[in-house]
Amino acid sequence: MGIFDRTLKFFAVAASLALSGPAFAGEGQPSPWQMGFQKAATPIMEQITSFHAYVTIIITVIALFVLGLLVYVMARFNDKRHPEPTRTTHNTPLEIAWTVVPVLILVAIAIPSFRLLFAQYDFPKPDLTITATGNQWYWSYEYPDQGIKFDSIIVQDADLKPGQPRLLTVDREVVVPVNKNVQVQVKSTDVIHDWAVPSFGIKLDAVPGRLQVTWFRTEREGMFYGQCSELCGRNHAFMPIAVRVVSEQEFADWLAKTKASASRDDASKVATARD
Ligand SMILES: [Cu+2]
C-alpha cells in the first residue's frame with residue numbers, strides 16, 4: 001500500500017470514528033479509540049457536552065471563514081494577477097463589521113458559558129455528604145453523617161475479576177444513591193491531587209490545607225470511574241476513583257453492611273493492638 005493510500009485510509013478511519021463518537025464513548029469509563037466525552041451521567045455533564053458541541057461549531061465556522069479569506073486573497077491579490085497594489089487604508093463599514101461581529105460572537109459564547117458556570121456552583125441542598133481525601137497514592141472516603149470511613153486502593157492487574165477495568169478498579173468503591181444530591185468535600189493530606197469523574201462533569205483539585213466542595217446528582221445507576229487528575233508523584237496514574245450509583249434500597253443495605261463490617265474492623269484492630 002502506498003503512502004497516499006495509507007494516509008487516505010487513516011483519514012477515513014479517523015473520520016468514521018469521529019462521526020461515531022457517541023456510539024464509542026464508554027458508559028462511566030473510557031473506551032478504546034474514544035474521540036468524544038464519556039456519556040453524561042449528570043445534568044451538569046449534559047450541559048457541558050452540549051456547550052462543547054456548540055462552541056466547536058462556532059470555532060469550525062470561524063476557522064473555515066478565515067481559511068476561505070486567506071485562499072481568496074492568495075488567489076485574487078497575488079503578484080501575477082494583481083501587479084498594481086491597492087492604496088486602500090480605511091474602510092469604515094468593514095472596520096465596524098469586524099469589530100461588532102466578534103463582539104456578538106463572544107456574547108453568544110458568554111451567555112451559555114456563564115449559565116453553565118452558575119449551574120455548577122448552584123449547590124442544591126445535599127441529601128448525602130461525602131469527603132474525598134487525596135493521599136500519595138490512594139483516595140480515602142468518609143461519610144461523616146453515617147460514620148463510615150475507608151481507604152480505596154487500586155486493584156492490581158493480576159487480581160482483576162472478569163469485567164473489571166484495568167487501572168480503574170479499586171478494592172472499596174464509593175457508593176451513592178441515584179437521583180440524590182451528593183455533596184463531595186475534597187481534601188488532601190500531602191500534595192495537590194484532583195478528584196475527577198468525567199461522566200459526572202467533575203474535576204476538582206484536592207489542595208492541602210483547604211476544603212473544596214462540589215456536587216453531583218446522577219440520573220442512572222451504574223459504575224462510574226475517574227482518575228486523579230493532578231500530577232502528584234510516582235504512582236499518580238494508580239489512584240483511580242470508582243463510584244457505584246445504586247437504588248435507594250441498595251444504598252441502605254450497603255450502609256448497614258458497611259457499618260457492621262467497620263465495627264468488626266475496629267474490634268479486630270483493638271484485638272491486634274492488645275497482642
Ligand atoms: Cu495524582
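Axes in this tour are lines fitted to C-alpha atoms, for helices over the stretch in contact, and angles run from 0 to 180 degrees between N-to-C directions. The model on screen is a predicted one, in which local features need pLDDT of at least 70 and side-chain atom pairs count only at pLDDT 80 or more, while totals for chains, interfaces and linings use all residues. Residues are numbered from 1 along each chain as its sequence is written.

**The whole protein**

Colour the model by secondary structure, and the protein comes to 5 helices and 10 strands, where helices (H or I, at least four residues) and strands (E, at least two) are DSSP runs numbered from the N terminus. Of its 275 residues, 20% count as buried; a residue is buried if 20 or more other C-beta atoms lie within 10 Å of its own, exposed if 12 or fewer, and partly exposed in between, with C-beta atoms placed from the backbone. Two residues are in contact if their C-beta atoms, so placed, lie within 7 Å, and among contacts between residues at least 6 apart in sequence, 61% join residues at least 24 apart.

**Select 43-76 and 92-121**

These selections are helix H3 (residues 43-76) and helix H4 (residues 92-121), which pack at an angle of about 165 degrees with their axes 10 Å apart. That makes H3 roughly antiparallel to H4, since angles under 35 degrees count as roughly parallel, over 145 as roughly antiparallel, 65 to 115 as roughly perpendicular and the rest as oblique. The crossing of H3 and H4 is left-handed, a term used if the near helix is turned anticlockwise from the far one by less than a right angle, and right-handed if clockwise.

Show side chains next: on the H3 side the meeting residues include Ile 44, Phe 51, Tyr 54 and Ile 58, and on the H4 side they include Ile 105, Ile 109, Pro 112 and Leu 116. The residues of this contact of H3 with H4 divide into 11 nonpolar, 3 polar and no charged, where Ala, Val, Leu, Ile, Met, Phe, Trp, Tyr, Cys and Pro count as nonpolar, Asp, Glu, Lys and Arg as charged, and the others, Gly among them, as polar.

Staying in helix H4, pick Tyr 121, which counts as exposed because it has 10 C-beta neighbours inside 10 Å.

Move on to Ile 153, in the loop between strand E3 (148-152) and E4. Ile 153 counts as partly exposed, with 16 C-beta neighbours inside 10 Å, and, leaving aside its neighbours within four places in sequence, is in contact with Tyr 138, Val 170 and Asp 171. Its C-alpha atom is separated by 7.9 Å from that of Pro 240, 87 residues apart along the chain.

**Select the sheet E4-E10-E9-E6-E7**

In this open sheet, 5 strands follow the order E4-E10-E9-E6-E7, again with mixed pairing. Strand E4 (174-177) and strand E7 (202-206) are its edge strands, each pairing on one side only.

Strand E10 (residues 240-246) is largely enclosed by the rest of the structure, because 5 of its 7 residues are buried. E4 and E10 run parallel and are joined by 4 bridges, with Val 175 opposite Arg 244 in E10. E9 and E10, by contrast, run antiparallel and are joined by 6 bridges, and Gly 226 has Ile 241 in E10 as its bridge partner. Strand E6 (residues 193-197) pairs with strand E9 (residues 222-228) in the antiparallel sense over 2 bridges.

**Finish at Phe 251**

Phe 251 is in helix H5 (residues 248-274) and is partly exposed, with 18 other C-beta atoms within 10 Å. Leaving aside neighbours within four places in sequence, Phe 251 is in contact with Val 175, Pro 177 and Val 246. Phe 251 and Val 175 are 76 residues apart in sequence and 7.0 Å apart in space, C-alpha to C-alpha.

Definitions and conventions: Pairing = 2+ DSSP bridges.
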